[in-house]
Amino acid sequence: MTTIHTPTDAAAAGAPSGTAPAFANVASWVTTSDHKRIGRIFVSLSMLMLLGLVGLSAVLGFDRVDRTENFLDLEVLGQLFSVARVGFIFMVMIPMMLGFAISIVPLQLGARSMAFPRAAALGLWTWLTGSGIVIASYAQNGGPGGGDAAGVDLFLAGLGLTVIGLVTAATALATTVLTSRAPGMTLDRVPPFAWSALVLAVAIIVTMPVMLAALVYVYVDHRYGGRQSLEAGGLGGNAIYPWIRAALSQPLTFIYAIPVLGFVAEVVPVFARRRTVLRFAVLIGIGVLATASLTGVTQVDHSIGEWSSLSNGDRFKDLVDYAFFNLVPVLGLLVLMGAVTLTLLSGLKARSVRLEPPLLFGLGSAVLLTHALVAHLLVPIEDLHLAGSVYEEGVFTFVVYSVVLAGLGAVSYWSQKFRGRQLPRIPLMLLALGALGAAVLASVPYLISGFNNQPGLFGVSRAEGLVIGWDHEAAPELLNTLTGIGHGLMALTVLGFIALTQRAYAKGPLAGDDPWNGQTLEWATSSPPPENNFAELATVSSPEPLTDLKPAGSDA
Amino acid sequence: MLALPPAPAPAPRRQMIVGTALFSAAASMLIGGMTALWFHFRTEPGLWKPERLVVPEVATNVMWITALFSLVMVQWAVYSARRGDRQHASVALGVVIILGLAHLNSQAYVWRRIELPVKGDTPYNSMFYAITATLFALVLVGVVYAVVAAFRFIGGRTKDRETVSGLALYWYVLAALHTVVWFSVYVTK
């Protein structure tokens, strides 16, 4: 099957030749219906936004170092925090994961194209337009905590457009996984990354419209109804948050990170050179984690109350609710990570594990996401007083940076399929370690400061009393400095990664079609793939179709 | 490069129907979220609906009946398309489009007759326009979908039955959503 040899340079260049005017090249990208290009645009733009947001997070981190004085204006501090939160979720996490999925999943499924590619392109441009409007609204003193009524309206409209774009792209992606698989590839044979992409897409389809419903009402009421006007102390302040808080907080943010687990489950067997042990557990684990997290969204207020004030009956009731809505997602994660760990151990026992950058990035992102899920278990326990503290920001930072690490890992893993070039191994491994260290540095101090009652700034419109002059139980200066340094290091790491990849794409060595000895169908076509992906459709008879063809000693 | 055994071109896997089902799920969540908000505000203590508000119930009931009747027409289109009957399918799709436009026209009439300012003392006013305008937009999508299906069929793609089936699925979901909105907004108020 699928052995199409397209000259790499010609394929990499896309449609227009080198003599074609630049305008034609741009037009071919803007009007493209090639899923690989659509996905790459999603990923590239989210990487650029990531760079800006990580830089902003570093500034916000350093602003908290001194409890007696801050260098940012208190009026805008709440808005800047909301820029970071909204931006990380709607401009980085979701589009980055969707972008990789749109780009790679059809190849993994052995499909010649994705379903509804023009809908995916429409989703891309709608998302970009909406994101631009959201950024413009903040510049106009809008958004949560904003003081300009028109700016607040602009924010609501922009966020609504962003959501519509993401739902449109997610619909095309889910349809692809459900309808465009190669013959023989039943749903239980799809690669873990494709499965996680399906779960993410379905989660977006069922959750985002609910938020859109709230945005539509709030927009109508704020712009035309006047009931929640700025003068009435309404939306200019903190009143937007109750409407969108669920989409910006844990446990829903765990859903956005589901493809992280799919990526880890994808790369571990490849670099352990083994077939996935207990493969069904991987698929079930992803499904359980997503379903339980979605259930938890409706139950965020169910926490364990102050123990001493509860009767035995209430204690039991609280514990049951807590276990059902908080421990079940972790159970899903444990099932999945158990299978992945067994696969890795199997490779270590056979001395077949290769330490490569994608594996390092993948394991790092899994560690971060696991920490986030486990750390989140403490938030609903009221006796710990962690809700509303920086602890919650620490958990969020873990989730965001797990997605970032998985994103960087995905670029390093599938770079051949993007541009036909191999990325340098050692620098990438150093960047992976740097990114993991930066993520830990940016998150862990906030977890500690949360126990010291440092107030969080998520959902805050005016920051007086929260940034300076708050009571404390320990010296937080060092911890806050470490957080700022962590975000700064992450910014440098991302910048270094982008520079490295651009250099490699321009001058790096050409990659082979299957440099990692892969197991799934994207490695059965040329690097980069031609426009229609495969010349012939393959017949698939196992979850690892390429491994079936390789000599037993050479791979799994 | 390794080569797997080639496979024959796979049979179509109902992309339009699956895509429409997913879009319908999103639309259902959108209206579901709106309805949840409606009842959330409605159960709040204090005044809800403006006292002198008169809902043109004849128009709203006719709208609902129109939505149900359009299901017969869209099912006629599916039946005709499966039999390859271009003439009947085209007529049925045309009637679906006309009924969709009639629905939009009725909604505009209700907005005009109800004489309800968007600005009010309770969330009722904003909520009324938010939920009905959202349904209006979803019906508009359905009309565009029907126009595309009709043009494809009239243009000679008579074997493209999946698009008509997808349209029918969307129209069924739309009728269900309309029933929810009609019951919430115009019956229980």
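The model is predicted: local features need pLDDT of at least 70, side-chain atom pairs count only at pLDDT 80 or more, and totals for chains, interfaces and linings use all residues. Residues are numbered from 1 along each chain as its sequence is written, while chains are lettered from A and ligands numbered from 1 in the order in which they are written.

Helix α1 (residues 8-13) of chain A has the lowest confidence, with a mean of 42. The highest is in α5(A), at 93. Helices (H or I, at least four residues) and strands (E, at least two) are DSSP runs, numbered from the N terminus. Over residues 1-16 of chain A, pLDDT is below 50. This stretch has 39 contacts in the model beyond near neighbours in sequence. Two residues are in contact if their C-beta atoms, placed from the backbone, lie within 7 Å. Residues 229-233 of chain A also stay under 50. For them the model has six contacts beyond four places in sequence. Where pLDDT is low, the predicted coordinates should not be read in detail.

The largest nonpolar core has 229 residues. Such a core is a set of buried Ala, Val, Leu, Ile, Met, Phe, Trp, Tyr and Cys residues joined through C-beta atoms within 7 Å. A residue is buried if 20 or more other C-beta atoms lie within 10 Å of its own, exposed if 12 or fewer, and partly exposed in between; C-beta atoms are placed from the backbone. Helix α7 (residues 192-225) of chain A gives the largest share of this core, 24 residues. Those with the most contacts inside the core are Met93(A), Leu173(A), Leu336(A), Val403(A) and Ala77(B). Leu173(A) touches Leu98(A), Ala101(A), Ile102(A), Val105(A), Ala197(A) and Ala201(A), not counting residues up to four places away in sequence.

A cis peptide bond joins Gln250(A) and Pro251(A), with omega about 10°. Pro251(A) is in the loop between α8 (241-248) and α9 (252-256). The bond from Ser527(A) to Pro528(A) is also cis, with omega near -10°. Pro528(A) sits in the loop between α16 (477-507) and β1 (537-538). Asn517(A) lies in the loop between α16 and β1. Its phi is near 60°, a positive value in a residue other than glycine. Asn517(A) is partly exposed, with 16 other C-beta atoms within 10 Å.

Chain B has five helices and one strand. Along the sequence, they follow the pattern β-α-α-α-α-α. The radius of gyration of chain B, taken over C-alpha atoms, is 20 Å. Of its 189 residues, 38% count as buried.

Helix α3 (residues 86-114) of chain B has 29 residues. From first C-alpha to last, α3(B) reaches 42 Å, close to the 42 Å expected at 1.5 Å a residue. The expected span is 1.5 Å times one less than the number of residues. Buried residues of α3(B) include Ala89(B), Leu93(B), Gly100(B) and Val110(B). The buried residues of this helix pack against α2 (57-82), α4 (124-154) and α5 (161-187) of chain B. Just after α3(B), Glu115(B) takes a positive phi of about 50°.

Definitions and conventions. pLDDT is the predictor's confidence in each residue, from 0 to 100. The radius of gyration is taken over C-alpha atoms; the globule rule is 2.2 Å times the number of residues to the power 0.38.
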